[in-house]
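Student: I would like to learn how to read a protein structure. Could you take me through one, feature by feature?

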Amino acid sequence: MWVPGAGTDEFQDIKAKVTWYGPYSTPQPQEDTAPAGAPVAGVETVVFPGPGRVMSPGTVTAPADGFYTAVLSVSKADQGANAIKLRENWTAPFFEEVETSVVKSIVKHRSMAREYNVAPGGRAFDTITIDGLAADHGQFLGLGKWAADTKTADLRVYGPFEQAPASAEVPEGAPVFYESTVEAVNGTFDIGYDDAAPITMPAKTRFATGDHYVFVYHLTGDSRTEEFTSPFNDVRERFFVPGPQAPTEPPTVVTQAQPEALVGEGFEDVALVTGKTEDGDFLTFEAYGPRDRSTAPTCAGTPTWVSARIPVTGQGYYHSGKTKVTKAGAVDWVETLYAADGTIKHRGKCGAPGETTVITDGPWVTTKATSTHEDKPVVGDRIWDTIQTGGTFPTGSTVTVDLFYASPGEKLTCQAPIWTSDAITIVDGVTSYRTGTYTATKAGTYGWVERATGPDKTQIDKGKCGEAAETLTVTAPPVADGGRLATTGASVAAIGIGALVLIGAGAGLVFSRRRAARLSA
């Protein structure tokens, strides 16, 4: 904050209040004063030693993504003996551009190719689920220095490659086999299913042993959202097209485990088999741990989990299937390739590079809206929210869920809840909870937003308005014979933490960011 003056005595020891307003989904037009009911993120006090700049202490925590603006005010009533130095009270404008900062949304991405081995001339498919964007992303047209939302995200298939993608970043000059765009909003996108625009692989591979490809999702950042590119080496997004050359070398296996997961979240290992295989060959995967991350892998004793037998039908990728654990640590994977008679053809080494999954304990929260008719809820159905938590929460933490409604054809905005659940006490370990029920009395969109808070009411996690897993579309009940309404069920679902100081003309706002596992693995 800057206060001008000719000397120092006039402003020495003058107190000012810094009020942080927000969050707002979009920046607001500047006004002389803050509107009634404007949300307040926090208040700080600064003392000016004289004319010049002063830094606010940065003690205010942003509760969610969005725009925050600092308003400086000086009141005679706060000055004590120094009140005689002021002629009048003074307050800065509301939502001055130079006093406004944004906590950007971070994309949460989960995707998986439908087939990991695609025949020459066959089609490739992908399913991508995006969350974390503002519920109204794509609708903000810009204001002042704040640019409009990015309207679309890019979807590309990179390849062919002779070797599987190894780096998380897309290498410069990587060949692009296919590209399209999808709307830059939350939701699930099916790629390659349109018969008018299929992703058809060449009838002949470029490399004699076969071609590797990978799907990559990219969203250009904007004033409200961080730029995001899905990992180039994402094992869930790779696929392989076998070549015409019949392999003559003995089979080899290269594995890549999922690098990290949350307690209670599913994770897996993936093996790429090359070389000559035979009828009846199969793979198994063993998971050991979790062990303390400070100790070396041993893979001793009985495995924590063993996969089913996975038939190997030739060169290509093979997935272990998912497992999960209930505490943090490191899980080590060992894969074994067998012949039909049980003879071991290849066995991985304990602690091999890329064969450890690091499990962190959050804390994390996942949620899912549920109804009497789970797939197609109708008016009169009971609806509720299911919640799962894991990791370590402060003792006395609770979770509460708000329910919001929008009429048919209207956008869910989550401004005023129509119902709020009782607070549920969070216990240690991976635990599931269920809220009370609400009877849907009219057709429309119902959306749940979860709030997890500590014993001191500090916010630990908050859901986003319009999350796909938290939204139900309720329709009118079907009409039975004779024109009467049919009877309904009315009578009877990281992690790391980072901190950043945002500076707006000298005022600081500290916020925390947690990578919540909201998308089911």
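Tutor: Start with one residue. Trp333 is buried, at a relative accessible area of 0%. Keep in mind that this is a predicted model.

Student: Why does Trp333 count as buried?

Tutor: Buried means under 20% relative accessible area. Trp333 has 0%, so the residue is buried. Now take Trp305. At 21% relative accessibility, Trp305 counts as partly exposed.

Student: How do I describe two aromatic rings together?

Tutor: A pair of aromatic rings is described by the distance of the centres and the angle of the planes. A search of the whole structure gives 19 aromatic pairs. One of them joins Trp305 and Trp333. The centres are 6.0 Å apart, and the planes stand at 80 degrees. That pair is edge-to-face.

Student: Where in the chain do Trp305 and Trp333 lie?

Tutor: Trp305 is in strand 21 (residues 305–306). Trp333 is in strand 24 (residues 329–338). They are 28 residues apart, and the pair links distant parts of the chain.

Student: Which arrangement do the rings of Trp419 and Trp448 have?

Tutor: Their centres are 5.9 Å apart and their planes are at 90 degrees, so this pair is edge-to-face. Trp419 belongs to strand 30 (residues 419–420), and Trp448 to strand 34 (residues 444–453). The pair therefore ties together parts that are 29 residues apart in sequence. Trp419 is partly exposed, at 22%. Trp448 is buried, at 1%.

Student: What about charges and rings?

Tutor: Look for a charged end placed over a ring face. The charged end of Arg434 sits over the ring of Trp384, 3.9 Å from its centre. Arg114 lies over the face of Phe125, 3.8 Å from the ring centre.

Student: How do I read a sheet?

Tutor: Strands of a sheet pair through backbone hydrogen bonds, either parallel or antiparallel. Here is a case. 3 strands make an open sheet in the order 9-10-13, with antiparallel pairing.

Student: Why is one side of strand 9 and of strand 13 left without a neighbour in the sheet?

Tutor: Strand 9 (108–113) and strand 13 (187–191) stand at the edges. Each has a single partner strand, so one side of each has no neighbour in the sheet. The twist averages 15 degrees from one strand to the next.

Student: How many bridges join strand 9 to strand 10?

Tutor: There are 6 bridges between strand 9 and strand 10 (residues 126–131), and the two run antiparallel. Within strand 10, Asp131 is the bridge partner of Lys108.

Student: Where do the side chains of strand 32 point?

Tutor: They alternate along strand 32 (residues 431–434). Thr431 and Tyr433 point to one face and are buried. Tyr433 is the bridge partner of Ile387.

Student: Loops next. Is Ser397 buried or exposed?

Tutor: Ser397 is buried, at 0%. The residue sits in the loop between strand 28 (382–390) and strand 29 (398–406). A polar atom of the Ser397 side chain lies 2.7 Å from the backbone oxygen of Pro394. Leaving out residues up to four places away in sequence, Ser397 touches several others, including Ile424, Thr453 and Ile460.

Student: And which loop holds Ala328?

Tutor: Ala328 is in the loop between strand 23 (316–319) and strand 24. At 36% relative accessibility, Ala328 is partly exposed. Its C-alpha atom is 6.1 Å from that of Val263, 65 residues apart along the chain. Beyond four places in sequence, Ala328 touches Val263, Pro290, Ile359, Thr360 and Asp361.

Note on methods: Residues are numbered from 1 along each chain as its sequence is written. This is a predicted model: local features need pLDDT of at least 70, side-chain atom pairs count only at pLDDT 80 or more; totals for chains, interfaces and linings use all residues. Side-chain values use heavy atoms; hydrogens and water are left out. Two strands pair if DSSP finds at least two bridges between them. Helices (H or I, at least four residues) and strands (E, at least two) are DSSP runs, numbered from the N terminus. Axes are lines fitted to C-alpha atoms, for helices over the stretch in contact, and angles run from 0 to 180 degrees between N-to-C directions. Buried means under 20% relative accessible area, exposed over 50%, partly exposed in between (1.4 Å probe, protein chains only). A polar contact is a pair of N or O atoms within 3.5 Å; within protein, one must be able to donate a hydrogen and the other to accept it, and residues adjacent in sequence count only if both atoms are side-chain atoms. Contact means heavy atoms within 4.5 Å. Rings of Phe, Tyr and Trp (its six-membered ring) pair if their centres lie within 6.5 Å; planes under 30 degrees apart count as stacked, over 60 as edge-to-face and the rest as tilted. A charge sits over a ring if NZ of Lys or CZ of Arg is within 6 Å of the ring centre and within 35 degrees of the ring normal.
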